[in-house]
Amino acid sequence: MPATYFAHVHYSIPSPVPIPFQRQCACAINPPSVYNSPLGNPKRLEEELSKRGMHACHVEDGATGYKDLGFWKWLFYLFFEYIPKKVLLEDPSDPYSLMRQSPCQPLASDMPIVISLWTRDIPTYSFILGKRKNLYYSSQCGSQEEKRFIPFVGDKNPQIYAYSSTGFFFPGDQLKTPAVLSVSFFESKVLIILLKDGNLYKVFDQRSIREPIKEGGNYSLQAYTYRFRIWKFYFGLRFLACTPPFYAM
């Protein structure tokens, strides 16, 4: 995603918002271990997930896995991102940030383990899990209730929800207008793309928006980080997050 042009960029006034009472949870989808794959130490997997404040989820269909990245993007990532930054003792970005998420699907950490020894797995769980998370709001994390995931690739979790006089609503929920869509990211350069009924609706070059929802429709969100901007051209876009739609009536 080297460059993208937008004819018009909107501005949203970031105002104070109420905080939802539901808990934000994070899970890694289909990580390998001896329980679902030939190799992989489940104890080391659990330790790595606990360190990241996550738990494991299993999804049968509809998740984007390591094979969807494709051979050439993996090659590009390893030789021009992962290896150079490791040599310079910097933190590489997640390979899934090279993907376009349309339609929005959960991100699976399903890369198989090739070698599993007593003290080490190759590739390591740190590499397999990367920086990706699948966020959802729930009263209890790890419950068996239906989850509408917010795929996210980054460090600090965003807050994405809608609210009105009748309560809080999360991606995949139905809501009655008028309502306000509240979005807050914590990266430095964020491009937020708001879709209505699957079509481009508004674009925001800011990491926090409060957007009134006054009309019915299906509102979904895509977010990208970028390296730099020249006029209305954005360079070096990387996937950050997307959401299932809010169904406004």
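Trainee: Which residues does V183 touch, apart from those up to four places away in sequence?
Mentor: This is a predicted model. In it, V183 touches Q159, I160, I192, R207, S208, I209, R210 and L221, once residues up to four places away in sequence are set aside.

Trainee: Where does V183 stand in the largest nonpolar core?
Mentor: That core has 58 residues, and V183 is one of those that touch the most other members. The others named with V183 are I160, L175, F185, L191, I192 and L221.

Trainee: Let us turn to E211. Is E211 buried or exposed?
Mentor: E211 is found in strand β14. Its relative accessibility is 6%, and E211 is therefore counted as buried, the limit being under 20%.

Trainee: What does the side chain of E211 make a polar contact with?
Mentor: The partner is the side chain of K202, at 2.6 Å. Beyond its neighbours within four places in sequence, E211 is in contact with K202, S12, A179, V180, L181, L194 and F204.

Trainee: S12 is in that list. Which polar side chain lies 2.7 Å from the backbone oxygen of S12?
Mentor: That of Q206: one of its polar side-chain atoms lies 2.7 Å from this oxygen. Q206 is found in the loop between β13 (199-204) and β14 (208-213).

Trainee: Is Q206 buried or exposed?
Mentor: Q206 is buried, because its relative accessible area is 11%, and buried means under 20%. Leaving aside neighbours within four places in sequence, Q206 is in contact with H10, Y11, S12 and P14, and also with V190 and I192.

Trainee: And Q174, buried or exposed?
Mentor: Q174 has 53% relative accessibility, so Q174 counts as exposed, for which the limit is over 50%. Q174 is found in strand β10, residues 174-175.

Trainee: Changing topic: how many cavities of 30 Å³ or more does the structure hold?
Mentor: The structure holds one. The volume of the largest cavity is about 40 Å³.

Trainee: Which residues line the largest cavity?
Mentor: Its lining consists of Y66, W74, P95, Y96, M111, F127, I128 and R132. By class, seven are nonpolar, one is charged and there are no polar residues.

Trainee: What is the volume of the largest pocket?
Mentor: It is about 420 Å³. The largest pocket is lined by 21 residues, and S93, K131, E187, T225 and R238 lie nearest its centre.

Trainee: How is that lining made up by class?
Mentor: The lining of the largest pocket has ten charged, six polar and five nonpolar residues.

Trainee: Which element gives the most to that lining?
Mentor: β18 does, with three residues. Both α2 (71-87) and β18 (238-242) supply at least two residues each.

How values were computed
Residues numbered from 1 in each chain as written. Predicted model: local features only at pLDDT ≥ 70, side-chain atom pairs only at ≥ 80, totals over all residues. Heavy atoms only, no water. 1 Å grid on protein atoms, 1.4 Å probe; cavity = no way out; pocket = protein on both sides within 12 Å on 5 of 7 lines; lining within 4 Å. Points joined across faces, edges and corners; volume = space filled by probe spheres on them. Nonpolar A, V, L, I, M, F, W, Y, C, P; charged D, E, K, R; others polar. Helix = DSSP H or I, 4+ residues; strand = E, 2+ residues; numbered from the N terminus. Buried < 20%, exposed > 50% of the residue type's maximum accessible area, 1.4 Å probe, protein only. Polar contact = N/O pair within 3.5 Å; in protein donor to acceptor, adjacent residues only side chain to side chain. Contact = heavy atoms within 4.5 Å. Core = buried A, V, L, I, M, F, W, Y, C linked by side-chain atoms within 4.5 Å.
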